[in-house]
Amino acid sequence: MDEFFARFNMEETWDGHKITNKSDKDYRRKYLATLFDESQFRKNNGSMDDLASSFISEVVDNNYMLNYEDSTWTAEVSCTALIGSKRHNIRLFLHTQKICKGEYKWVIFNVSGKPFDLNAQDSKAPIISPMEHEIGFIGLTTISNKALCSVSAFDNVSFTADRLSMFAALLNNNLLKIETIDNVSFHFFTIPGFSFKVERVERRGSYNTGWLITKLNKI
């Protein structure tokens, strides 16, 4: 991604050479076009589609740059995790956080996946009987045997599960282990009026490869 930043900011060429003349707007327009996945953003005549063209004009006309330190980009990491005795596909969302002057780190700010979706209501799910107080709430001993999808039946109606707290609790109790990293992508909200996604695209024998913009939205 350092290479993507350098190319986006017109600091170096695709083959690593430094760019000295950074004021050439026409050159930057052409160069920014190479950062798009051409299979999605180029027309049959070779020109960029209208959305990509308007994005490029916005960046060049306002001399927008990407910075690692910005809080306007996030990483999305798709993983295979072992939770208890079962494997699940989960996604972690991270952003940069300042530690002190000149020092930053990545932090997890959200997590998603089936094991963390515990707020769906299930009318057929078992409930804690209204007579449990008469038998010392002995029924609570069976909660751990219930399916995850019915756990919300035991919660207060106003409760919403905090996914990140659940993730931390599983980690702290050695109940969750990330086995593989399956995919990494980055989401940017740096350019006013746009959001875009960057993914790794591998192509042999083509300059249109590496970290490329694969999705662009007008917001």
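1. From the N terminus on, the elements of the chain follow the order α-α-α-α-β-β-β-α-β-β-β, giving 5 helices and 6 strands. Helices (H or I, at least four residues) and strands (E, at least two) are DSSP runs, numbered from the N terminus.

2. This is a predicted model, in which local features need pLDDT of at least 70 and side-chain atom pairs count only at pLDDT 80 or more, while totals for chains, interfaces and linings use all residues. Residues are numbered from 1 along each chain as its sequence is written, and side-chain values use heavy atoms, with hydrogens and water left out.

3. The chain has 219 residues, 36% of which count as buried. Buried means under 20% relative accessible area, exposed over 50%, and partly exposed in between (1.4 Å probe, protein chains only). The accessible surface of the chain is about 13,600 Å², with 51% belonging to carbon and sulfur atoms; the areas come from the Shrake-Rupley method with a 1.4 Å probe, and for residues only the protein chains shown count as cover.

4. Of the contacts (heavy atoms within 4.5 Å) between residues at least 6 apart in sequence, 56% join residues at least 24 apart.

5. Most residues other than glycine have a negative phi. Methionine 10, not a glycine, has a positive phi of about 55°. Methionine 10 lies in the loop between α1 (2-8) and α2 (25-33) and is buried, because its relative accessibility is 1%.

6. Asparagine 174, also not a glycine, has a positive phi of about 55°. The loop between α5 (163-172) and β4 (176-188) holds asparagine 174, which counts as exposed because its relative accessibility is 71%.
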